[in-house]
Amino acid sequence: MSDLTDKIDKDRLPRHIAIIMDGNGRWAQEQGQDRLFGHYHGVESVRDIVEAAAGLGIGYLTLYAFSTENWDRPEYEVVGLMELLVSTIRKEAEVLHKNKIRLHVIGDMRMLPENARRELSEALEMTAGNTGLNLIMALSYSGRWELLNAVQQIARNVQNGQLAVEAITQDVFRQHLCTSDFPDPELMIRTGGEYRISNFLLYQLAYAELYFTDVRWPDFRKNNLYEAIIDYQNRERRFGKTSAQLT
């Protein structure tokens with residue numbers, strides 16, 4: 001185990017970590033390879049980070065795997081990513097189950113190919129009773145899509161008389177989000193050197209600590225995760241209060 005884990009306060013771990021896994025394509029191009037080469041190597045990072053998060057006792061880990069905007073990428077890359085998704089789920093579902101990891105998926109599943117939906121459904125069912133790390137895959141997901149979807153659901157409930165306008169609270173709104181069963185992320189990590197959240201968990205990241213690194217996702221490993229957590233633990237989380245109020 002890395003010496004970095006000795007610097008982590010196990011009593012102050014973020015309950016929920018969200019990661020934008022960026023830089024696969026650029027990593028591959030820097031290697032003189034096709035962009036899909038980077039995505040295939042990115043799977044190794046997913047395995048490593050999931051193992052590290054589970055080992056620390058993190059409760060929830062959300063990985064931004066494929067956004068609604070990613071459908072606009074070149075067809076060969078989208079097809080390749082979907083094939084990679086199917087093959088990865090098929091290989092990893094048993095491993096997740098063995099390690100008591102429960103898989104969840106958020107996003108517009110209707111846009112995924114039928115074979116991808118089938119593999120996901122089987123993996124979700126297989127791991128449904130697990131009580132370890134909750135691994136949340138954001139697939140065909142975007143924050144704006146999620147917010148619009150929530151508003152439409154609430155509007156229909158008001159229209160058919162199931163909900164009064166005055167009864168719409170933050171809690172009610174949260175119940176209509178994809179993440180209604182999960183706590184909001186406390187730490188959001190983005191790899192690849194970009195400094196934006198790219199339509200990811202727009203509502204849920206309101207009070208998350210943001211951590212950006214130049215490390216491309218295929219090179220992101222356990223030690224990089226530990227460094228992000230240590231950085232998080234060195235920050236003061238005030239939630240609108242003053243430092244004096246916290247002490």
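Which residues does Phe66 touch, not counting residues up to four places away in sequence? The legends below start from the whole model and return to that residue.

**View 1. The whole predicted model.** This is a predicted model, in which local features need pLDDT of at least 70, side-chain atom pairs count only at pLDDT 80 or more, and totals for chains, interfaces and linings use all residues. Residues are numbered from 1 along each chain as its sequence is written, and side-chain values use heavy atoms, with hydrogens and water left out. The protein has eight helices and six strands. Helices (H or I, at least four residues) and strands (E, at least two) are DSSP runs, numbered from the N terminus. Read from the N terminus, the order of elements is β-α-α-β-α-β-α-β-α-α-β-β-α-α. The radius of gyration is 19 Å, close to the 18 Å from the globule rule for 247 residues, so the protein is as compact as a globular protein of that length. That radius is taken over C-alpha atoms, and the rule is 2.2 Å times the number of residues to the power 0.38. Along the principal axes, the C-alpha atoms fill a box of roughly 55 × 50 × 35 Å.

**View 2. Surface and interior.** Of the 247 residues, 47% count as buried. Buried means under 20% relative accessible area, exposed over 50%, and partly exposed in between (1.4 Å probe, protein chains only). The protein exposes about 13000 Å², with carbon and sulfur atoms supplying 47% of that area. Accessible areas come from the Shrake-Rupley method with a 1.4 Å probe; for residues, only the protein chains shown count as cover. Among contacts between residues at least 6 apart in sequence, 76% join residues at least 24 apart. Contact means heavy atoms within 4.5 Å.

**View 3. The open sheet.** Six strands line up in the order β3-β4-β2-β1-β5-β6, and the pairing is parallel. β3 (102-106) and β6 stand at the edges with a single partner strand each, so one side of each is left without a neighbour in the sheet. Neighbouring strands are turned by 20° against each other on average, direction ignored. Helix α3 (residues 75-98) packs on this sheet and touches β2, β3 and β4. The direction of α3 makes about 155° with that of β2. Axes are lines fitted to C-alpha atoms, for helices over the stretch in contact, and angles run from 0 to 180 degrees between N-to-C directions.

**View 4. Strand pairing around β2 and β1.** Two strands pair if DSSP finds at least two bridges between them. Strands of a sheet pair through backbone hydrogen bonds, either parallel or antiparallel. Here β1 and β2 run parallel, joined by five bridges. β1 and β5 pair in the parallel sense over four bridges. Ile20 is partnered by Arg190 of β5.

View 5. Phe66 is found in strand β2 (residues 60-67). Seven of the eight residues of β2 are buried. Phe66 counts as buried because its relative accessibility is 2%. Its contacts, leaving out residues up to four places away in sequence, are Trp71, Val78, Leu81, Met82, Ala138, Leu139, Ser140 and Tyr141. Phe66 and Leu81 lie 15 residues apart along the chain, with 8.7 Å between their C-alpha atoms.

**View 6. The loop between β5 and β6.** Ser198 sits in this loop. Ser198 has a positive phi of about 45° although it is not a glycine. Leu201 belongs to the loop between β5 and β6 as well. Leu201 has a positive phi of about 50°, and it is not a glycine. Leu201 is buried, at 2%.

View 7. Leu210 lies in strand β6. Leu210 is partly exposed, with a relative accessible area of 33%. Beyond its neighbours within four places in sequence, Leu210 is in contact with Met188, Ile197 and Arg235. Leu210 and Arg190 are 20 residues apart in sequence and 7.9 Å apart in space, C-alpha to C-alpha.
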